[in-house]
Amino acid sequence: VLSGTGIGPVAGEAFGALMRSSCSLETLYLDDNPQLGEGLGAALSEAPWANTESKLRELHLNGTGLGPAAGAGLAELLRSSRSLEKLYLNDNPQLGEGLGAALSEAPWANTESKLRELHL
């Protein structure tokens with residue numbers, strides 16, 4: 001749990017790499033770290049989310065300062081994840097259009113999706 005720790009954009013990039021490559025991480029809490037925004041958004045949008053060995057079930061990104069650029073990464077995550085069950089995106093008002101695009105594209109086309117909860 002790294003909620004409210006004040007970590008910034010460089011850490012956001014590192015967490016993006018961790019989410020893409022980890023085969024054991026099941027839950028990641030990054031809530032209330034608004035400085036993550038730019039770095040985490042870039043990492044999400046560059047992510048190849050097809051790691052079939054990923055066990056990431058819960059991703060908590062409330063209040064992380066995600067902006068429109070993160071929308072494409074979120075769309076890809078929702079489209080290709082076979083393990084994610086809960087995604088928390090509350091308190092990221094800058095997502096706007098990017099989030100709208102993400103929701104219009106996925107996870108509905110992913111027949112292997114396990115997504116049960118989406119918190120906006």
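Hi everyone, and thanks for coming. First, some housekeeping. Residues are numbered from 1 along each chain as its sequence is written, and side-chain values use heavy atoms, with hydrogens and water left out. Because this is a predicted model, local features need pLDDT of at least 70 and side-chain atom pairs count only at pLDDT 80 or more, while totals for chains, interfaces and linings use all residues.

When I say buried, I mean under 20% relative accessible area; exposed is over 50%, and partly exposed is in between, with a 1.4 Å probe and protein chains only.

Let's start with the inside. A nonpolar core here is a set of buried Ala, Val, Leu, Ile, Met, Phe, Trp, Tyr and Cys residues joined through side-chain atoms within 4.5 Å. The largest one has 20 residues, and those with the most contacts inside it are Leu40, Leu44, Leu59, Leu61, Leu66, Leu74 and Leu89. The elements giving two or more residues to this core are α1, α2 and α3. Which of them gives the most? That is α3, with four residues.

Helix α3 covers residues 70-80, and eight of its 11 residues are buried, so the rest of the structure largely encloses this helix. The buried ones are Ala70, Gly71, Gly73, Leu74, Ala75, Leu77, Leu78 and Ser80.

Now pick out Leu66 on your screen. Contact means heavy atoms within 4.5 Å. Not counting residues up to four places away in sequence, Leu66 touches Gly37, Leu40, Gly41, Leu44, Leu61, Leu89, Asn92, Gln94 and Leu95.

Thr64 sits in the loop between β2 and α3, and it is buried, with a relative accessible area of 0%. Apart from neighbours within four places in sequence, its contacts include Leu30, Asp31, Asn33 and Pro34, along with Asp91 and Asn92. Gly67 is also placed in the loop between β2 and α3, and it is buried at 16%. Its C-alpha atom is 6.6 Å from that of Gly37, although the two are 30 residues apart along the chain.

On to charges. A salt bridge is a side-chain nitrogen of Lys or Arg within 4 Å of a carboxyl oxygen of Asp or Glu. How many salt bridges does that rule give? The count is three.

Glu26 pairs with Arg57, with the closest N and O atoms 3.4 Å apart. Glu26 is in the loop between α1 and β1 and Arg57 in the loop between α2 and β2, so this pair ties together parts that are 31 residues apart in sequence.

Glu85 pairs with Arg116 at 3.1 Å. Here the loop between α3 and β3 is tied to the loop between α4 and β4, again across 31 residues in sequence. Glu85 is buried at 17%, whereas Arg116 is exposed at 57%.

Lys86 pairs with Glu117 at 3.8 Å. Lys86 lies in strand β3 and Glu117 in strand β4, so this bridge ties together parts 31 residues apart as well. Lys86 is buried at 19%, and Glu117 is partly exposed at 27%.

Last, a backbone detail. Most residues other than glycine have a negative phi. Asp32 has a positive phi of about 55 degrees, and Asp32 is found in the loop between β1 and α2. Asp91 has a positive phi too, near 60 degrees. Asp91 lies in the loop between β3 and α4 and is exposed, at 59% relative accessibility.
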